[in-house]
Amino acid sequence: MRMKLGLLLLFFFNWVVFFLTKEGVITLLDGLLVLAIGYAIFSAFINKINKKLELLNKFTASWREGKYSKISYYNDHEIGKIVDNLNYLLEQLENCKKTVKEEENRLRAILAGINAGVMVLDREGRVILVNKGLEKLFGKLNFTGEPKPLLEVIRNYELEKFLAESLANLKEMSREIEFLLPNSKTILIHATPLKDEQDQKVGLVVVFDDITEERKLEKMRSEFIANVSHELRTPLTSIKGFLETLLDGALEDKTIAKHFLQIMNSETERLTRLIDDLLSLSKIEAKKVDFAPKPLNINDLVQKMKLLFKSRLEEKGLSFVSTVPDDLPPVLADGDMISQVLINLLDNAIKYTPTGGKIELLAKVKEPFVEIAVKDTGIGIPEESQKRIFERFYRVDKARSRELGGTGLGLAIVKHIIDLHNGKVWVESKVGEGSTFGFSLPITQQKED
């Protein structure tokens, strides 16, 4: 407004000077002098306004660079209003920035608290955000916060194709993908598109859920049911066959009938052992077994094993040696469970050691444990089978194991019992030379009663 007034005054002043000069009121020289003074006053007025505008331009230019600061107030009507309005807009901008920052921090806190991996993609399919859960799944990621192509963060073409499909179709999708690196994992990927008010794509939120253990358990459960069914069906089929033969007339021949009944009795005993082992394993895995660890003297347990297996050792012509120090410290263990472990290991050693062989029971201190081992001079176990020997129903020689009455669960029970005691179990073996099955138990800090 003042600028317009100044221009009007300057125009009016020039007109007055021109009129006075023309009418002879003042001389031309005096008119030019007055006109020059008028122009000087007008220039000073314009320069003052220009300086204020330059100051405003300087502040607004710094705002474009992200450097926000309020403009000093001028006691000037028009310029003052502009300054007030700009400062108000600046305050609103700062409040918006603060709100956005708080929301961003809240979002990051929520993402950090989620165990599942989370990734956010922009509309171009570039990674713009990941959480710690994702780094737990895949290890350190090549992501610093700047938008990056997906393959530079997680190098998996199946994942890229799946997310590109979800982003292109704006569809919520799920898929299981196998990742080999850094470790083999099965990941359930759930992608949810982000849309704006016009239903246009904005980005994608991707959740990574590690279901590796679930799939392993499902596989184990399926294999377990199949194995149990097979193990139960074999003796039942045998018993059913012999019963049908007896009913068809073989019962009249006492010799054949007695032989069949003996086989049926043997198969029934095998079924009983299998069911007992299944129940024992089920209780241990479900932690429903009575577990009462107390100070246990290994020497006392060894003497019980000698008496228990004496007749079988003599019957097969096997020598038995125990190498257990007299001053062996007591271990913290459940006596009945450890007896079951030794019975399983010694029973296997006797079964798979030829006549004239040797079985040795050893024990030694290896702080903070006592290590106990059953060593034999039997047929041995191939190296490729040693990694799986403690699995349920795994047999090195299935035909021979069944022939000897094994259920395929004994070593699995041994491992579960030792795990329950926070110990370790292992095997060392060479084919044709024998095997050594060992386990460790924690030394008790209490004095034996």
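I will start with the chain as a whole and then turn to the phenylalanines.

This is a predicted model, so local features need pLDDT of at least 70 and side-chain atom pairs count only at pLDDT 80 or more, while totals for chains, interfaces and linings use all residues. Residues are numbered from 1 along each chain as its sequence is written, and side-chain values use heavy atoms, with hydrogens and water left out.

The chain has 13 helices and 13 strands; these are DSSP runs, H or I of at least four residues for helices and E of at least two for strands, numbered from the N terminus. Of the 449 residues, 36% are buried, meaning under 20% relative accessible area with a 1.4 Å probe, protein chains only.

Now the rings. The whole structure holds four aromatic pairs; rings of Phe, Tyr and Trp (its six-membered ring) pair if their centres lie within 6.5 Å, and planes under 30 degrees apart count as stacked, over 60 as edge-to-face and the rest as tilted.

Why is the pair of Phe 138 and Phe 208 edge-to-face? Because their planes stand at 85 degrees, with the centres 5.9 Å apart. Phe 138 sits in helix α4 and Phe 208 in strand β6, 70 residues apart. Phe 138 has a relative accessible area of 10%, and Phe 208 has 0%.

Phe 242 and Phe 260 make a tilted pair, at 4.7 Å centre to centre and 50 degrees between the planes. Phe 242 is in helix α7 and Phe 260 in helix α8, 18 residues apart. Both Phe 242 and Phe 260 are buried.

Key:
Buried means under 20% relative accessible area, exposed over 50%, partly exposed in between (1.4 Å probe, protein chains only).
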